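I open this notebook to record what I looked up in the structure. The entries follow in the order in which I made them.

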Amino acid sequence: MASTRAHARSSPTASDEADLVARLRAGDEPAFAALVDRHYGPMLAVARGYVRTRAVAEEVVQEAWLGVLKGIDRFEGRSSLRTWIMRIVVNIAMTRGEREARSIPFSAFASEADEPAVDPDRFRDESDGFPGHWRAYPGSWAALPDEALLGRETLDVVTSAIEELPAAQRVVITMRDVAGCSAEEVCGALDVSDGNQRVLLHRARSHVRAALERHLDG
Amino acid sequence: MAESAEHLTCREVVELVSDYLDESLPAEDTTLFEQHLNFCEGCVWYVDQLRATVEALGEIREEDVPPEARDRLMGAFRDWRRS
């Protein structure tokens with residue numbers, strides 16, 4: 001199977017981060033440029049979860065960077081730098097999203113839990129000898145070439161499937177699986193419990209898997 | 001979670017796969033989950049599908065910083081440093 005880069009992206013250690021923050025405060029331009037390169041993409045992805053257009057998302061990210069500069073002197077390192085930056089993005093994006101009527105109602109975090117991961121009709125019912133077991137197994141993707149799973153067309157299917165998700169699920173899966181944030185970072189940035197984070201991620205991954213299955217198994 | 005402490009059905013297993021991949025499943029559920037996979041090829045394939053899904057998600061490229069945005073940000077940084 002192809003790379004597991006999403007999970008390999010390591011977080012800097014606390015002392016690396018303290019060092020980076022000190023350099024930013026001292027006005028070190030290459031340090032800021034490196035920070036922008038590292039976080040711009042994930043920030044844009046998160047902002048896209050809240051606002052309608054890419055142009056507005058870019059404005060949100062731009063404004064968030066100004067917030068980072070304004071606030072860096074007060075950053076105390078109680079969360080990771082990325083969590084802190086993402087919180088700034090979320091706060092600005094929520095304000096913009098409200099104006100655009102695409103904000104995430106916080107009730108959404110609680111109410112999306114009941115939908116099953118897989119269509120219940122795919123499992124045998126009580127009248128059957130093995131209730132709750134597959135009627136027909138899902139396909140094996142092991143023999144598929146990498147191009148089938150990771151090719152442009154497939155990644156477009158994945159991108160569309162993310163777009164279809166309810167907002168809270170979309171933001172969580174984008175942060176975790178696209179941007180490579182840890183569960184802790186997501187909880188810190190969105191102010192949700194670990195349990196909520198896990199449920200939202202589970203629903204979102206299940207939805208994307210189903211879309212891929214329709215695409216790959218036809 | 002599981003209706004019976006003895007075993008999980010496929011329908012229950014699919015609800016646990018995401019947590020399993022993240023190693024956030026409680027130990028007792030992990031045991032039941034892995035016991036199920038030992039005899040159920042369909043669920044092994046399902047787990048592989050979800051793992052492949054997560055890998056595909058990781059392949060979506062976040063774009064590079066657009067040059068104009070980068071210039072604006074570096075300008076903002078210099079202004080901030082002077083202030």
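**Chain A: burial and fold**

I looked up burial and found that buried residues make up 38% of the 218 residues in chain A; a residue is buried if 20 or more other C-beta atoms, placed from the backbone, lie within 10 Å of its own. The model is predicted: local features need pLDDT of at least 70, side-chain atom pairs count only at pLDDT 80 or more, and totals for chains, interfaces and linings use all residues. Residues are numbered from 1 along each chain as its sequence is written, while chains are lettered from A and ligands numbered from 1 in the order in which they are written.

I then listed the secondary structure of chain A, which comes to eleven helices and zero strands. Helices (H or I, at least four residues) and strands (E, at least two) are DSSP runs, numbered from the N terminus.

I checked contacts, where two residues qualify if their C-beta atoms, placed from the backbone, lie within 7 Å. Of the contacts in chain A with a separation of 6 or more, 71% join residues 24 or more positions apart.

**Confidence**

I read the pLDDT, the predictor's confidence in each residue, from 0 to 100. Chain A has a mean of 85, and 87% of its residues reach 70 or more. Within chain A, helix α1 (residues 5–8) is lowest at a mean of 40, and helix α11 (residues 194–217) is highest at 95.

**Contact between the chains**

I noted that chain A gives 52 residues to the contact and chain B gives 37 residues. On the side of chain B that touches chain A, α4(B) supplies the largest share, 15 residues.

Methods: A residue is buried if 20 or more other C-beta atoms lie within 10 Å of its own, exposed if 12 or fewer, and partly exposed in between; C-beta atoms are placed from the backbone.
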